Amino acid sequence: MKAVAGVLVVAVALRALLSWCTQWGEGLGARPELATSMDRIELRTYRAHQCVDPRAIWESLSVHHSPLLLALGEFWIMHPVRSAVLWMGLDAVTGVVLAHIAARLARQSPKTVVLSPAAVAACYLLNPYAIACCASKSMATIRALLVAASVSFAVHGASLGLAVAQTLNALLFLTPLMLTPAFLLLGADEHAEHGRWRSEFGLRRADAWWKWMRQTCVRMLVLLGGGLMVSMLLSRDTSWRFVRSVYGSRLLMDDLAPSAGLAWYFFVQMFEHFHSFYLLVVNVHMWAYVVPVSIKYRSDPLFAVTLLYGIQCLFQNYPSVGDTALFVALWSLSSARLADYLRYPMVTSLIFAYTTLLMPAFHYLWLYAGSANANFYYAINLVHALGVGSLVLDAAWAWGHERWEKERPAHASNAHRRRIVVQR
């Protein structure tokens, strides 16, 4: 715990220093790779229309945050120093949760090689992407905390905690909803393996698994319905137009401000009559991986969560480098046993270093210096996507190769037995 505390102190100090150097994050708020148009809190716009008919607010498609988030109030959000302290605290909690997950995995499977809790926490807290997103007060920080909390509750087999964290994440950001099947499998497996269901007379392992799964699904559906009702009351919009402004905008890409994703360039630079085609491709493509990945990695649901989150970082409409930071942290939970099977770790690391330096440079040359165009910025976004995709594919290869290495002796001995039988 002393090592984790040391990492927390260093991480908070780095965030405080960067926040102070950038006028408490105001100088980083316009960075599209840190805080997209969906990840910037703009309560000023919402407050300016408090006296107007709320239906006009949501019909304008100018407010993309859930009313649940807007209920935070201006005490923490509008003040630059207090909001910076809040974001630092959220990031520190995320690091503690990740460290707790690593400790839990080490206790449950003593034979499995897992990084130390301090190392896992450092993979997120000392990541430059996470530090910059925290200083810019990006919503990616809250998204990372909720995803880490969902992983923690699933690893502990906590049905109610997982339902609350995952429902809140879906209501605020929508795209984390694609992680739900893998979370449910992980939580049900952990409950069936380590839960206290054995105290219930006559309850078998399979019955405990299905009971936990049904209970969690029902809780999530109830919480989703209740969350939408509370959102309707907070928005003062009984016509439910806020659903189109908050969730529809993430799918239909109403806001075409520059972002670090792959989809933005298609809708700005390509021919307009391809708009519907690209809209279908960029949305269906990401969600199409949910079922195959969950089935393929059924024996390792935590790795399925990691892989799906990497795919989400790669293909979502409004990505942030803060999502990439959490993906690297989730990967660290499995990296100790899979790192030896990676093929291109050096190439992937260099790609991330390359894009970290050139993303702000190309953005400045394009929008401020005027010596470049949108192709420059999109090109560096493609390189960043190449880095994320490289890590996703390399991790999948390492998992498959590690599994094959474990099963090879059994296959070899069976083949040897068959040869002996044939010879006899």
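1. The lining of the largest pocket divides into 8 nonpolar, 6 polar and 8 charged residues (Ala, Val, Leu, Ile, Met, Phe, Trp, Tyr, Cys and Pro count as nonpolar, Asp, Glu, Lys and Arg as charged, the others, Gly among them, as polar). The model is predicted: local features need pLDDT of at least 70 and side-chain atom pairs pLDDT 80 or more, while totals for chains, interfaces and linings use all residues. Numbering runs from 1 along each chain as its sequence is written, and side-chain values use heavy atoms, without hydrogens and water.

2. The volume of this pocket is about 600 Å³ (the space filled by probe spheres set on grid points, which are joined across faces, edges and corners). A pocket is an open set of points on a 1 Å grid over the protein atoms alone, where a 1.4 Å probe fits, with protein on both sides within 12 Å along at least five of seven lines; lining residues have an atom within 4 Å of a point.

3. Of the 22 lining residues, Ser109, Thr112, Glu190, Ser299 and Asp300 are the closest to the pocket centre. H11 gives the largest share, 5 residues (helices are DSSP runs of H or I, at least four residues, numbered from the N terminus). H6 (80-108), H11 (180-194), H17, H18 (321-338) and H20 (374-423) each supply at least two lining residues.

4. H15 (275-287) packs against H17 (301-315) at about 170°, with axes 9 Å apart (lines fitted to C-alpha atoms over the stretch in contact; angles run from 0 to 180 degrees between N-to-C directions). The two are therefore roughly antiparallel (over 145 degrees).

Terms used
Angles under 35 degrees count as roughly parallel, over 145 as roughly antiparallel, 65 to 115 as roughly perpendicular and the rest as oblique.
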